[in-house]
Amino acid sequence: MKLVDIIMQYKDQPGGLIEALHAIQKEYSYLPEDAILETARVFNKPASEVYGVARFYSMFSTTPRGKNVIRICESAPCHIAGAVEVIAALERELGIKIGESTQDGVFALEFTECVGQCQATPVITVNGKPYFDVNPTTITDILAEYK
Amino acid sequence: MADEMRILLRNYGKIDPLKIDDYLAQGGYKALEKAKAMSPADLIEEVKKANLRGRGGAGFNCGLKWSFAYQAQADQKYVVCNADEGEPGTYKDRLIMENDPQAVLEGMAICGYAIGASKGYIYCRGEYPQVVEILNEAIEQANAKGILPGFDVEVRMGAGAYVCGEETALIESLEGNRGEPRFKPPYPPNEGLWGKPTIVNNVETFANIPVIVERGADWFASVGAAAYPGTKIVTLTGDVNNTTFFEVPTDTTLREVIYHFGGGIPAGKKFKAVQVGGTSGAFIPEANLDTPIAFDSMSQIGAVLGSGAVFVLDESRDLVDVATQISKFFEHESCGKCAPCREGTMRLKDMMTKINQGQGTAKDTALIEKLGRVMSYSSLCGLGQAAPSPILSTLKHFSADYDAKMM
């Protein structure tokens, strides 16, 4: 679907701006500058306002990133369950630091706060799908699903 | 010893959440029918009498809140379900929505009838895309059966902002804006979504409504603690044997939650601290474990019931390290609108990091106490007001952990 068509779906929805940004990000994995400008035009808002909304929410990215977004929870229950070791293992396995993407554009690695799956900590999500009781040895299999 | 009592999770495991016929077979939507046979004023009186208090953390009398929106004159009113469950260690709303989505819709529809609203929104956090799908399917099925005449419900998805759990920030986000809290008053029941009278209630609050209507206010008021009746879903995390959820009457004590339901502390270790209500709650020492998990009893010991999350730490845990991690959370989640919270959460994190690295002095803890006090009364919303609480409570009850790390 063309960018403008994605945005137009939400034009007449009251408060539909955030839904439009979700839809754009689903397509591109981030919010390109062109898309923000186009959204501003369609919604008849200043680009600064749309950019301000995009930057407010942690799930939106305004810089290019890998296709599969891995997010690791750093809230207290995951922290004491060993999230730090999982972070180190992910960084080692992917060869990148938190906040970076792999060169081939396959993975992005980010922090998140609690994802509400605290029955099985530590938790990571890949493109929103949660993985439970993660430890440094289970990471390889999880990543393999997306390679 | 106390038993579980499943009111909110009455259909858990008994129905297919994606089959409305299953819900109907369990007596679903009978309460809506019963509610509509009452006048809105009588219905609100019944909810008020049940003394159901908001389950999102603020504990306000639900019927009283509804009465404000009922009295407000407007061409349009809104019912909003707060499903922005972001309090770390909490997943009760997800449990309800995943397992019994129709109960939430029924509660919202009853509210809509009571206050005179024809439109409802469910604001579901962006971290729960699978729940959004379940809710949309549930709405579609209810509409296909014509069960919600004159009441239209839409689901909107958040995008990762803890502050949007605050009701005016949530409203801003629904309107498509940055999720920054508004100045109050006016309160949402008078001026909320797009300036119209709006009831924002938590998922758990709405899920209680059909039961109250069906079984009556007197019955509900007789369950659990008198001042905060009903049940509470608690989610256990940390150093307990059963890191799972339970629904218990509100007169259940913390000790029962941890040792009876939670099965105690693993590996023969001793209890050290418990944080109730999520990451914004206070840490509670052993001496206060006989406190019931009700709103007022938790306030009396300087803690909060909050979302009902129960995070247990054993004797091996370093509370300075845990509180430092929590201070990072608040620095990240502060929306930046008001200075006490924006600057305060940053300074708290800086000082806690310094102490956690063994570089702190008594001067830092004195400053933390002063700053925490100022933030608690000068921040615009609950986020900044509560952010110092985990730190201040650990300083108060677990000062030995701080002493051990001082320069």
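Which domains does the domain assignment of chain A give? In this predicted model, the assignment divides chain A into domain 1, covering residues 3–56, and domain 2, covering residues 68–144. The centres of domain 1 of chain A and domain 2 of chain A, taken over C-alpha atoms, are separated by 28 Å. The C-alpha atoms of chain A occupy a box of roughly 50 × 30 × 25 Å along the principal axes, and 38% of the 147 residues of chain A count as buried. Seven helices and four strands are found in chain A, and, read from the N terminus, the elements follow the order α-α-α-α-β-α-α-β-β-β-α.

The contact between the two chains involves 27 residues from chain A and 38 residues from chain B. On the side of chain A that touches chain B, the elements that supply two or more residues are helix 2 (17–28), helix 4 (47–56) and helix 5 (76–80) of chain A. By class, the residues on this side of chain A comprise 13 nonpolar, twelve polar and two charged.

For chain B, the domain assignment gives domain 1 (20–222), domain 2 (225–314) and domain 3 (319–403). The centres of domain 1 of chain B and domain 3 of chain B lie 33 Å apart, taken over C-alpha atoms, and the contact of these two domains takes six residues from domain 1 of chain B and seven residues from domain 3 of chain B. The side of domain 1 of chain B that touches domain 3 of chain B consists of three nonpolar, one polar and two charged residues.

The largest nonpolar core contains 167 residues, and the residues with the most contacts inside this core are B:Trp66, B:Val80, B:Val104 and B:Val276. Helix 6 of chain B (residues 101–115) gives the most to the core, contributing nine residues. When residues up to four places away in sequence are not counted, B:Trp66 touches B:Ile44, B:Val47, B:Cys111, B:Ala114, B:Ile115 and B:Ile199.

Helix 6 of chain B also packs against helix 7 of chain B (residues 129–144), their axes coming within 9 Å and crossing at roughly 60°; the crossing is right-handed. In this contact, helix 6 of chain B provides B:Pro101, B:Gln102 and B:Leu105, while helix 7 of chain B provides B:Ile134, B:Leu135, B:Ala138, B:Ile139 and B:Ala142. By class, the contact has seven nonpolar residues, one polar residue and no charged residues.

Two buried residues of chain B were examined individually. B:Phe206 belongs to helix 9 of chain B (residues 203–215) and counts as buried because 30 C-beta neighbours lie inside 10 Å. Not counting residues up to four places away in sequence, B:Phe206 touches B:Cys81, B:Val104, B:Gly107, B:Met108 and B:Asn201. The C-alpha atoms of B:Phe206 and B:Phe220, which are 14 residues apart along the chain, are separated by 14 Å.

B:Thr90, in turn, is located in the loop between strand 1 (78–83) and helix 5 (92–99) of chain B, and is buried because 29 other C-beta atoms lie within 10 Å. With residues up to four places away in sequence left out, B:Thr90 touches A:Gly116 as well as B:Glu85, B:Thr235, B:Gly278, B:Ser307, B:Gly308 and B:Ala309. B:Thr90 and B:Ala221 are 131 residues apart in sequence and 25 Å apart in space, C-alpha to C-alpha.

A cis peptide bond joins A:Thr121 and A:Pro122, with omega about -10°, and A:Pro122 lies in the loop between strand 2 (107–112) and strand 3 (124–126) of chain A. The peptide bond from B:Pro185 to B:Pro186 is likewise cis, with omega near 0°; B:Pro186 is found in the loop between helix 8 (167–174) and strand 4 (198–202) of chain B.

A positive phi, near 70°, is found at A:Ser29, a residue of the loop between helix 2 and helix 3 (33–43) of chain A. With 19 other C-beta atoms within 10 Å, A:Ser29 is partly exposed. B:Trp194 also has a positive phi, near 45°, and is placed in the loop between helix 8 and strand 4 of chain B; B:Trp194 counts as partly exposed because 13 C-beta neighbours lie inside 10 Å.

Key
Residues are numbered from 1 along each chain as its sequence is written. Chains are lettered from A and ligands numbered from 1 in the order in which they are written. This is a predicted model: local features need pLDDT of at least 70, side-chain atom pairs count only at pLDDT 80 or more; totals for chains, interfaces and linings use all residues. A nonpolar core is a set of buried Ala, Val, Leu, Ile, Met, Phe, Trp, Tyr and Cys residues joined through C-beta atoms within 7 Å. A residue is buried if 20 or more other C-beta atoms lie within 10 Å of its own, exposed if 12 or fewer, and partly exposed in between; C-beta atoms are placed from the backbone. Ala, Val, Leu, Ile, Met, Phe, Trp, Tyr, Cys and Pro count as nonpolar, Asp, Glu, Lys and Arg as charged, and the others, Gly among them, as polar. Domain bounds come from an automatic or database domain assignment. Axes are lines fitted to C-alpha atoms, for helices over the stretch in contact, and angles run from 0 to 180 degrees between N-to-C directions. A crossing is left-handed if the near helix is turned anticlockwise from the far one by less than a right angle, and right-handed if clockwise.
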